Amino acid sequence: MKKINKSSVFAIACTAFMGAFGNSQATAATLNLKDPILQSGTLNGALFQEIDPNDPAGTGVLQSFVRLQSPGNSTVEEGYNTDGRPLEFDENNSPQFTRSLKLSDIPLFTIGGVEYRQFLLDINEPNATPRDQDLPLLDLESLQIFLGNAGNLLNYPTFDGNAVKIFDLDSNEDNIVNLRDTNAGSGRADLLVYIPNSLFSVSTNEYVYLYSKFSGAEGGFEEWAVKVKEKPDTPPKSVPEPATLAGLGLVAGAMAFARRRKSSQTA
């Protein structure tokens, strides 16, 4: 993953600080990544990192495992990956784009000493126009991950008792991630999503099911994928801690120092 220079870290940190603290009551359950400045952040234990158009992290050989597209005039789309048919929601019926996914096929990365599984999201929404600047925007309203005992399971969310849920974006409250189509065209990922690898140890099931729901879709498709692993037994790669997280740590430290200084002056 490409390193971000110090000035970018500071700018993103300030933006994240204002968003996280300046509007904490109104956006307590929202991670805002829709601003033009590339951002990253955490929500309910998952890491979300927008991809710089010049960053090779968004290119390479990608393996799509579920493609969603809103039907008709609807702006909501949802679905999950499986080899089973018939599909339940807004998934593309082709087995090339909607298929099973094994845990062993999801790359491992180490961030801040913690291992994560990496997923990529390719957003394909219309470009902004002078009359409608919100066309590239999209909201991720639900993200759930299950481990199943077979690759052709159906009947979300129970999967007839053959899968266990290991992650839910909304497990603590109704959380939302505001997104933007940052990289034009299909085949280039716009977002990296990191899920703690420790969550995948709760079950020995080898098939991973990812369910997601989006709102604000304006005609393009959204596609979840993983990057093809270079070698079957490649050890976890270390990547820099997302700039927003590191920046927030700097901001928090500065605030603590300011409070201590003020206390010493008034004592």
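Modeller: The secondary structure comprises two helices and 14 strands, where helices (H or I, at least four residues) and strands (E, at least two) are DSSP runs, numbered from the N terminus. This is a predicted model, in which local features need pLDDT of at least 70, side-chain atom pairs count only at pLDDT 80 or more, and totals for chains, interfaces and linings use all residues. Residues are numbered from 1 along each chain as its sequence is written, and side-chain values use heavy atoms, with hydrogens and water left out.

Colleague: How many salt bridges does the count come to?

Modeller: A salt bridge requires a side-chain nitrogen of Lys or Arg within 4 Å of a carboxyl oxygen of Asp or Glu. By this rule, the count is three.

Colleague: With which residue does Arg67 form a salt bridge?

Modeller: Arg67 belongs to strand S4 (residues 62-69), and its partner, 156 residues apart, to strand S13 (residues 221-227). Both residues are buried, that is, under 20% relative accessible area, with exposed meaning over 50% and partly exposed in between (1.4 Å probe, protein chains only). The closest N and O atoms are 2.7 Å apart, and the partner is Glu223.

Colleague: Is Asp168, the partner of Lys165, buried or exposed?

Modeller: Asp168 forms a salt bridge with Lys165, the closest N and O atoms being 3.1 Å apart. Lys165 counts as partly exposed because its relative accessibility is 41%. Asp168 has a relative accessible area of 13%, and therefore Asp168 is buried.
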